[in-house]
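The following paragraphs lead a new reader through the structure shown below. They begin with the relation between the chains and then turn to the contact and to local features.

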2 protein chains.
Amino acid sequence: MRIALVLYHGFTALDLIGPCEVLTRWPDAEVRFVASSRDLVTTDTGMPISPAATFDELPDPDMLLVPGASSPLPPLSDEPLVSWVRSAAGSARWVTSVCTGSGVLAAAGLLQGRRATTHWAFREGLRSMGVDVVPERVVFEDPVVTAAGVSAGIDMALDLTARLHGEATAKQIQLIIEYDPRPPFDVGSVEKADEATIEAATQRLVAAM
Amino acid sequence: MRIALVLYHGFTALDLIGPCEVLTRWPDAEVRFVASSRDLVTTDTGMPISPAATFDELPDPDMLLVPGASSPLPPLSDEPLVSWVRSAAGSARWVTSVCTGSGVLAAAGLLQGRRATTHWAFREGLRSMGVDVVPERVVFEDPVVTAAGVSAGIDMALDLTARLHGEATAKQIQLIIEYDPRPPFDVGSVEKADEATIEAATQRLVAAM
């Protein structure tokens with residue numbers, strides 16, 4: 001199974017690296033970092049990553065994963081990126097996104113009339129693109145799977161593992177990455193956070209743009 | 001606050017990227033990826049990352065974070081790495097590790113007589129280095145902070161955020177990375193997993209070495 005992890009300037013590293021730690025442990029996975037060119041791609045926290053292949057070199061992956069970005073939002077009008085996602089999705093078994101990466105899927109016309117999730121601060125933005133946005137952590141609309149913000153990609157990847165490779169394999173990988181989370185507070189979603197936290201977090205997101 | 005995220009060949013990306021998403025959002029953070037040279041460093045899943053500085057260029061960070069590796073274990077006899085960690089720890093306010101990165105701290109003589117945690121499969125290895133290994137997710141022994149395997153770095157970084165910048169800031173960052181985990185199974189630690197899962201996961205880890 002050839003899995004394309006999509007890189008573009010300013011993407012959020014954890015969106016991609018969380019699932020990557022799971023997917024690379026699939027029995028049959030060949031994971032590749034792809035971008036529009038072989039030039040270094042810099043994450044939103046300034047980490048430069050070297051792509052392993054260009055979009056042209058991997059036109060037909062079995063699965064693709066599009067990460068999000070926060071400052072600014074993912075490049076919804078980046079024609080090479082959006083075109084490749086649209087084309088690759090046509091033949092892929094699974095088309096996935098994390099965080100605001102769902103915006104790229106929507107720009108490629110892949111979420112019309114579909115339920116999808118995204119980062120909480122981008123829900124209205126995605127809704128304005130004609131998507132049925134739901135406040136869930138992971139949404140399966142085969143062959144499209146969307147995850148909520150940043151850290152949700154880990155849960156999505158484990159869910160997918162259970163579907164494709166069975167619960168036993170998913171449990172083993174969960175244990176290997178010692179995924180027994182202990183979040184210090186119960187404020188990880190807007191459904192749980194208090195108003196003051198939501199307001200201050202929103203201001204931080206806006207300030208970073 | 002100058003934070004050094006340590007890169008070496010074969011390190012586990014999520015060990016570093018999980019905390020990185022939190023630390024880069026601290027109000028005063030200057031996060032840099034450092035390595036023994038400026039050459040590309042490849043993670044254990046084959047992702048090439050370009051370091052921003054060499055050890056020589058950042059001799060005295062305020063905080064350092066050493067990630068782990070699984071196949072093989074982190075390079076405990078890599079003299080430039082271990083020497084720099086020992087020296088940098090001498091002046092740093094916080095010395096942290098994720099997963100088997102604790103082995104590098106131990107090799108640098110920083111864990112003698114201290115309580116520490118690590119990836120569950122490396123507990124005996126770390127114990128054999130004279131460390132008081134405890135089965136916890138995050139262990140504070142100021143100025144040393146150790147986290148359990150891979151995904152535990154996210155919890156450690158949020159704990160540190162609450163200590164250094166207060167609960168309000170930690171809550172905001174937790175919400176920004178939408179850290180409301182939904183692990184599909186309750187098997188993320190060896191204290192919770194069943195015997196069959198532990199045995200199969202151990203075989204996978206050994207096979208990957």
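**Symmetry and contact in a predicted model**

Chain A is superposed on chain B by a rotation of 180° with 0.0 Å of shift along the axis, and the RMSD is 0.0 Å. This is the relation of a two-fold axis. The same surface serves both copies, since 100% of the contact residues of chain A recur in chain B. Among the residues of chain A, A:Ile49 comes closest to the rotation axis, with its C-alpha at 2.3 Å.

The coordinates are those of a predicted model, and the confidence values should be read alongside them. Chain A has a mean pLDDT of 95, and 99% of its residues reach 70 or more. For the complex, the predictor gives an ipTM of 0.95 and a pTM of 0.96.

The contact between the chains may be considered next. Chain A contributes 63 residues to the contact, and chain B contributes 63 residues. The area buried between chain A and chain B is about 5,600 Å², and carbon and sulfur atoms give 63% of that area. On the side of chain A, the residues that lose the most area to chain B are A:Leu175, A:Glu178 and A:Arg204, which together account for 14% of what that side buries.

Polar interactions also join the chains. Between chain A and chain B there are 32 residue pairs in polar contact, with both residues at pLDDT 80 or more. Four elements of chain A each supply at least two residues of the side that touches chain B: helix H1 (13-23), strand E4 (48-49), helix H5 (152-176) and helix H6 (195-208). H5(A) gives the most to this side, with 14 residues. By class, the side of chain A that touches chain B comprises 33 nonpolar, 16 polar and 14 charged residues.

The count of salt bridges between chain A and chain B is 2. In one salt bridge, B:Asp180 pairs with A:Lys192, and the closest N and O atoms are 2.7 Å apart.

Over all chains, a search of the whole structure finds 24 salt bridges. One salt bridge is formed by A:Arg2 and A:Asp62, whose closest N and O atoms are 3.6 Å apart. This pair links distant parts of the chain, 60 residues apart: A:Arg2 belongs to strand E1 (residues 2-6) of chain A, whereas A:Asp62 lies in the loop between strand E5 (53-54) and strand E6 (63-66) of chain A.

Two features of the backbone remain to be described. Most residues other than glycine have a negative phi, and most peptide bonds are trans. A:Asp142 and A:Pro143, however, are joined by a cis peptide bond, with omega about 5°. A:Pro143 is placed in the loop between strand E10 (138-141) and strand E11 (144-147) of chain A. In chain B, a cis peptide bond joins B:Asp142 and B:Pro143, again with omega about 5°, and B:Pro143 lies in the loop between strand E10 (138-141) and strand E11 (144-147) of chain B.

A:Glu178 lies in the loop between H5 and H6 of chain A. A:Glu178 is also one of the residues of chain A that lose the most area to chain B.

Conventions. Residues are numbered from 1 along each chain as its sequence is written. Chains are lettered from A and ligands numbered from 1 in the order in which they are written. This is a predicted model: local features need pLDDT of at least 70, side-chain atom pairs count only at pLDDT 80 or more; totals for chains, interfaces and linings use all residues. Side-chain values use heavy atoms; hydrogens and water are left out. Contact means heavy atoms within 4.5 Å. Buried area is the accessible area (1.4 Å probe) that two parts lose on being put together, summed over both. A salt bridge is a side-chain nitrogen of Lys or Arg within 4 Å of a carboxyl oxygen of Asp or Glu. A polar contact is a pair of N or O atoms within 3.5 Å; within protein, one must be able to donate a hydrogen and the other to accept it, and residues adjacent in sequence count only if both atoms are side-chain atoms. Ala, Val, Leu, Ile, Met, Phe, Trp, Tyr, Cys and Pro count as nonpolar, Asp, Glu, Lys and Arg as charged, and the others, Gly among them, as polar. pLDDT is the predictor's confidence in each residue, from 0 to 100. Copies are superposed by least squares on the C-alpha atoms of residues with pLDDT of at least 70 in both.
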